Amino acid sequence: MAEEYDEKTSELLVRKWRVKSALGALGQWQIEVGEPAPHGAGSLGPELIKESNANVCQPIFMRKDTKMSFQWRIRNLPYPQDVYSVCADQKERCVVVRTTNKKYYKKFSIPDLDRYQLPLDDSLLSSAHANCTLIISYQKPKEVLLAEAELQKELKKVKTAHSSDGDCKTQ
């Protein structure tokens, strides 16, 4: 697992996982939080020439957490707020997003709750719609907030240790 944090705000920007295959080779990075790097970034392959996505209105799903909630954004969803239904499926331990006009359907899990073995609570789920983007928020449980606070303490200790060594220069 690799995580990237904003240096000033300590906000989690990216969390990605890499799993070994059955033969032991490292697989592709799976992005859990944040936006994936743009295709072709850092390479000079044929990926640099691609069809324009200006006319293609495919929904783009990504996760971007805040301090107090897990948050997902689904871009390119032009329907009004009352068309969307966002609910928790207790049996499958996932969040379900659907539209009443049957144009969009998505199921996704919350890996953080699975890691801490916490139940999915429908009352902690909320949604908003603005600028063709559906924003789904799930308020972080106390256990997750405490674990994140502990992690931030550890990161500050490591950062302080590195800066006092004289190896790292701050700007």
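In this predicted model, strand β1 pairs with strand β2, residues 12-17, in the antiparallel sense, and 4 bridges join the two. Within this pairing, Y5 stands opposite L12 of β2. The two strands belong to an open sheet of 3 strands, ordered β1-β2-β3, with antiparallel pairing. β1 (2-5) and β3 (30-33) each have a single partner strand and stand at the edges, so one side of each is left without a neighbour in the sheet. On average, neighbouring strands of this sheet are turned by 20° against each other, direction ignored.

Between β2 and β3 runs a loop, and A25 has its place there. With a relative accessibility of 43%, A25 counts as partly exposed, because that class covers values between the 20% limit for buried and the 50% limit for exposed. Apart from neighbours within four places in sequence, A25 is in contact with V19 and K20.

The secondary structure of the protein chain amounts to 2 helices and 10 strands, which follow one another along the sequence as β-β-β-β-β-β-β-β-α-β-β-α. The chain has 171 residues, of which 25% count as buried. Its accessible surface is about 12,200 Å², and carbon and sulfur atoms account for 54% of that area. Of the contacts between residues at least 6 apart in sequence, 46% join residues at least 24 apart.

A further open sheet has 4 strands in the order β4-β5-β10-β9, and here the pairing is antiparallel. Its edges are taken by β4 (60-63) and β9 (125-130); each has a single partner strand, so one side of each is left without a neighbour in the sheet. From one strand to the next, the twist averages 15°. In general, the strands of a sheet pair through backbone hydrogen bonds, in either a parallel or an antiparallel arrangement. β4 and β5, the latter comprising residues 69-75, run antiparallel and are joined by 4 bridges. One of the residues concerned is F61, whose bridge partner in β5 is I74.

The discussion now turns to the nonpolar interior. Nonpolar side chains tend to be buried together in soluble globular proteins. The largest nonpolar core in this model has 19 residues, and I110, I136 and Y138 are those with the most contacts inside it. Two or more residues of this core come from each of β5, β6 (84-89), β7 (94-99) and β10. For I136, leaving aside neighbours within four places in sequence, the contacts include F70, W72 and I74. V86, V97, F108 and L125 are also among the residues that I136 contacts, as are Q71, S126 and S127.

Is K140 buried or exposed? Its relative accessible area is 7%, so K140 is buried, the limit for that class being under 20%. A polar atom of the K140 side chain lies 2.9 Å from the backbone oxygen of T66. Not counting residues up to four places away in sequence, K140 touches D65, T66, K67, M68, S69 and F70, together with L145 and E148.

Technical notes
Residues numbered from 1 in each chain as written. Predicted model: local features only at pLDDT ≥ 70, side-chain atom pairs only at ≥ 80, totals over all residues. Heavy atoms only, no water. Pairing = 2+ DSSP bridges. Axes fitted to C-alpha atoms, helices over the stretch in contact; angles between N-to-C directions. Buried < 20%, exposed > 50% of the residue type's maximum accessible area, 1.4 Å probe, protein only. Polar contact = N/O pair within 3.5 Å; in protein donor to acceptor, adjacent residues only side chain to side chain. Contact = heavy atoms within 4.5 Å. Core = buried A, V, L, I, M, F, W, Y, C linked by side-chain atoms within 4.5 Å. Areas by Shrake-Rupley, 256 points an atom, 1.4 Å probe, with all protein chains shown as cover.
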